[in-house]
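Reader: I would like to learn how to read charged pairs and nonpolar packing from a set of coordinates. Please take one case at a time.

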Amino acid sequence: MASNVLDSILFRDAFGTPEMRAIFDDRELVRKYVEVEVALAKAEARCGVIPVEAAEEIAASCSADTLDFDLLRHETEIVGYPILPLVHQISKQTGSSGGYVHWGATTQDIMDTAVVLQIRDAFELIETDINELRRILADMAQRYRTTPMAGRTHLQQALPITFGYKAAIWLNMFDRHAERLAQARPRVLVGQFAGAAGTLASLGDKGLVVQQAMMEELRLGTPDSTWHVARDGFAEAVNLLGLITGSLGKIAYDVMLMASNEFGELYEPFVKGRGASSTMPQKRNPISSELMLACAKGVRQQAGLMLDAMVQDLERATGPWHAEWIAIPESFILSAGALKQARFMLGGLIVDEAAMAKNLDMTNGLIVAEAVMMGLAPYIGRQDAHDVVYDACRIVNEQGGRLADVLNALPAIASRLQPELIEQLTDPTNYLGMAPQMVDRAVQQSAKQG
């Protein structure tokens, strides 16, 4: 029986991806532990701390694939951490060189650095997904650059926009996320090797050169100071995922609202049976959007946990560190799941331009009351224009009819202006502002970013 959706046979591919789960799989984590131990031995041999022959034997003999995982699990429960039980096993694998395994290191050095290696792999997947999403959104923004629709504020029709403009806003968010990810890498992908209290005292004057050599072996950044209890790097990684999934949640919310029967402007890609109801055959629920929103909420909770886990005591934490073991894997897997759903949903999104046009016209011109007022102002003055349009809007609201017809029937308008001007001013498609130009700018800037 699965304890959560990420382990569930039924739900795990709805809320995550096999590729991201593989990165955070226990066996892959242990392989990362072994990789770090081997890199440490190689670095220490380069710096003359342990014999070269010992490092070569450690590198050749240490293998996560031949470990007794049942024993490792049992001893981890006893010790509280997996590194001491792991060192016992890989020391036996290396025979006479086993005494040089884990030389001068502490448990947290190995575990933290292994997690950094996981995050590096996970960032690659996240980056690929973001770039694919950016491509989809750029295409969407260009395709619907001039497709008019109602812009809505406070869930009420406000002014006309274009669907391409909306897609460009979505695109901009993910351009910024791509930039944030690139900026975060140097800060987050930094290894840990500092010893028991973080001072590298056990290696004498060789501590810093071994640290540098070890990070070179692992292709990680070298820390300027020990970060055993300075957890801002990991917190930044998870909170970056919170931003990414927050944007996905916003898109999902928009799509769900616009897919409602009352709007009918967007639909998720049609796959037979997807989103079906067990009792209502007519239903076509926005499943991908719902999953995106759920994943975003889950990551947000873990982002808060990571901020809480930053508050650590003295030189080694008594518990907040352990909270990261919960938050980091779950955040990355949920983020991968949300991005997968977004790629599917947006990549095949069905846009009903006719419904957008119909909804835009449902107020009979009231949506462009601002445009009419500003258009009339040069002819009759701004204040008079405001009063005339205000009165006309009240008539439309109370008695029905088109704003253009009501305005053309008013003496103040009929005696001074041509009906064609009023028709032009009350046409929502003539009041799109700079929306198409904003699309162009957003798409061009995204292309420059690469």
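**Salt bridges and cores**

Author: Glu-77 is exposed, with a relative accessible area of 57%. Buried means under 20% relative accessible area, exposed over 50%, and partly exposed in between (1.4 Å probe, protein chains only). This is a predicted model, in which local features need pLDDT of at least 70 and side-chain atom pairs count only at pLDDT 80 or more, while totals for chains, interfaces and linings use all residues. Residues are numbered from 1 along each chain as its sequence is written, and side-chain values use heavy atoms, with hydrogens and water left out.

Reader: With which residue does Glu-77 form a salt bridge?

Author: Side chains of opposite charge can pair when their charged atoms come close. A salt bridge is a side-chain nitrogen of Lys or Arg within 4 Å of a carboxyl oxygen of Asp or Glu. The partner of Glu-77 is Arg-73, with the closest N and O atoms 3.2 Å apart. Arg-73 is partly exposed, at 47% relative accessible area. Helices here are DSSP runs (H or I, at least four residues), numbered from the N terminus.

Reader: How many salt bridges does the rule give?

Author: The count comes to 23 salt bridges. One of them joins the side chains of Asp-65 and Arg-31, at 3.2 Å from N to O. That pair links distant parts of the chain: Asp-65 is in the loop between α4 (52–61) and α5 (69–79), Arg-31 is in helix α3 (residues 26–46), and they are 34 residues apart. Asp-65 counts as exposed at 59%, whereas Arg-31 is partly exposed at 34%.

Reader: Is Lys-32 buried or exposed?

Author: Lys-32 is buried, with a relative accessible area of 5%. Its side chain meets that of Asp-121 in a salt bridge of 3.0 Å, N to O. Asp-121 lies in helix α7 (residues 107–143) and Lys-32 in helix α3, 89 residues apart. Glu-28, Arg-31, Lys-32, Asp-65 and Asp-121 are linked in a network of salt bridges.

Reader: Which residues touch the most other members of the largest nonpolar core?

Author: A nonpolar core is a set of buried Ala, Val, Leu, Ile, Met, Phe, Trp, Tyr and Cys residues joined through side-chain atoms within 4.5 Å. The largest has 113 residues, and Ile-119, Phe-163, Phe-174, Phe-332 and Leu-346 touch the most other members. Helix α7 gives the most to this core, with 17 residues.

Conventions: Helices (H or I, at least four residues) and strands (E, at least two) are DSSP runs, numbered from the N terminus.
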